[in-house]
Amino acid sequence: MCIRDRPGVHRLQAARRGGRAAHAQRAGGVEAVVVRGRQVDLQRLVAAHQLGVGVRQQVADGVRRAEIFFDPQTHTNRGIPFPALMEGIRGAAVEAERSLGVSTGLILCFLRHLPAAHAMETLESGLGFRDDIVGIGLDSSEVGFPPELFSDVFARAGAEGLHRVAHAGEEGPPAYVWGALDSLHAERIDHGIRALEDPDLVGRLAAEHTPLTVCPFSNVKLGGFSRLEEHVLPKMLDAGLNVSINSDDPAYFGGYVGDNYMATAMALELSGETMVSIARNSLAATFLPMSEKQTLLKELDDYAAGRLV
């Protein structure tokens with residue numbers, strides 16, 4: 001399975017409120033912690049810890065590929081140097097693959113409620129770590145911040161060979177999905193549940209087999225549905241859309257990818273065959289080389305072969 005995830009910003013904030021970052025201090029604008037008399041960059045430690053915790057949970061859920069969203073602006077706006085953040089996340093990703101066997105890809109995201117110029121600055125910082133980043137994304141509050149605002153940023157990223165994805169059609173209208181496709185040239189649409197409101201858009205998404213990374217827990221918590229049983233995922237599948245199930249901010253929305261899979265399958269009474277098909281969609285939508293996708297797809301098929309009745 002593939003997961004679309006973040007390394008737990010909300011959990012980090014909760015930890016600070018709860019006092020678990022004891023002996024924290026400010027040092028040159030960077031949060032630091034004293035460990036045995038030695039000052040250590042807290043942000044680097046926390047970034048590594050949070051990503052590591054998330055990946056370990058993903059291993060328990062059967063995840064084999066994790067394409068992880070991270071929001072640098074959340075941290076750089078508080079004076080955290082970009083390199084400190086990247087070193088923590090990158091180190092945890094490398095260690096996860098080495099010790100846990102989970103392939104990871106990092107997707108640098110821009111907070112759409114902040115100016116596009118700030119996103120461009122963040123992209124330029126990220127290009128200093130080009131080999132560690134598989135793509136870019138656009139997240140945070142949709143309404144009032146259409147994709148077109150960030151067309152220059154995405155064009156710059158595309159020129160550098162980065163993959164492009166964007167949140168669209170969760171809280172925002174179908175027009176935001178059109179904008180993500182046509183102005184940002186997004187290869188995947190995150191969420192996309194409101195695409196069903198526009199038959200022409202549904203036709204295009206189905207014809208182009210555009211991956212839609214749906215996050216059911218997020219969709220309910222943000223008010224798209226009053227309860228999971230009302231989710232439109234079955235209608236999306238019936239319309240021929242390329243849908244996968246993912247997690248979004250697990251610490252905030254209440255569950256990792258395995259929780260989303262299990263609760264969604266039960267709430268919507270999805271068959272085992274349907275769930276395997278959804279898992280296949282997630283693997284096929286990754287930014288892995290084709291040979292690695294095929295290896296994981298075979299692994300999934302072999303696993304499912306003896307378990308579906």
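The following exercises, each with a worked solution, concern a predicted model.

Residues are numbered from 1 along each chain as its sequence is written. Local features need pLDDT of at least 70 and side-chain atom pairs count only at pLDDT 80 or more, while totals for chains, interfaces and linings use all residues; side-chain values use heavy atoms, with hydrogens and water left out.

**Exercise 1.** Determine which strands pair with strand S7, and in which sense.

*Solution.* Helices (H or I, at least four residues) and strands (E, at least two) are DSSP runs, numbered from the N terminus. Two strands pair if DSSP finds at least two bridges between them.

Step 1. Strand S6 (residues 103-111) runs parallel to S7, and six bridges join the two. Within this pairing, Ile107 stands opposite Gly135 of S7.

Step 2. Strand S8 (residues 163-168) also pairs with S7 in the parallel sense, over two bridges. Here Gly135 stands opposite His163 of S8.

**Exercise 2.** Classify the aromatic pair of Phe110 and Phe154.

*Solution.* Rings of Phe, Tyr and Trp (its six-membered ring) pair if their centres lie within 6.5 Å; planes under 30 degrees apart count as stacked, over 60 as edge-to-face and the rest as tilted.

Step 1. The ring centres of Phe110 and Phe154 are 6.3 Å apart and the planes stand at 70°, so the pair is edge-to-face.

Step 2. Phe110 belongs to strand S6 and Phe154 to helix H6, 44 residues apart, and the pair thus links distant parts of the chain.

Step 3. Both Phe110 and Phe154 are buried (under 20% relative accessible area; exposed is over 50%, partly exposed in between, with a 1.4 Å probe and protein chains only).

**Exercise 3.** Describe the surroundings of Tyr252.

*Solution.* Step 1. Tyr252 forms an edge-to-face aromatic pair with Phe253, at 4.9 Å centre to centre and 70° between the planes.

Step 1. Tyr252 counts as partly exposed because its relative accessibility is 38%, whereas Phe253, at 11%, counts as buried.

Step 2. The charged end of Lys221 sits over the ring of Tyr252, 5.2 Å from its centre (NZ of Lys or CZ of Arg within 6 Å of the ring centre and within 35 degrees of the ring normal).
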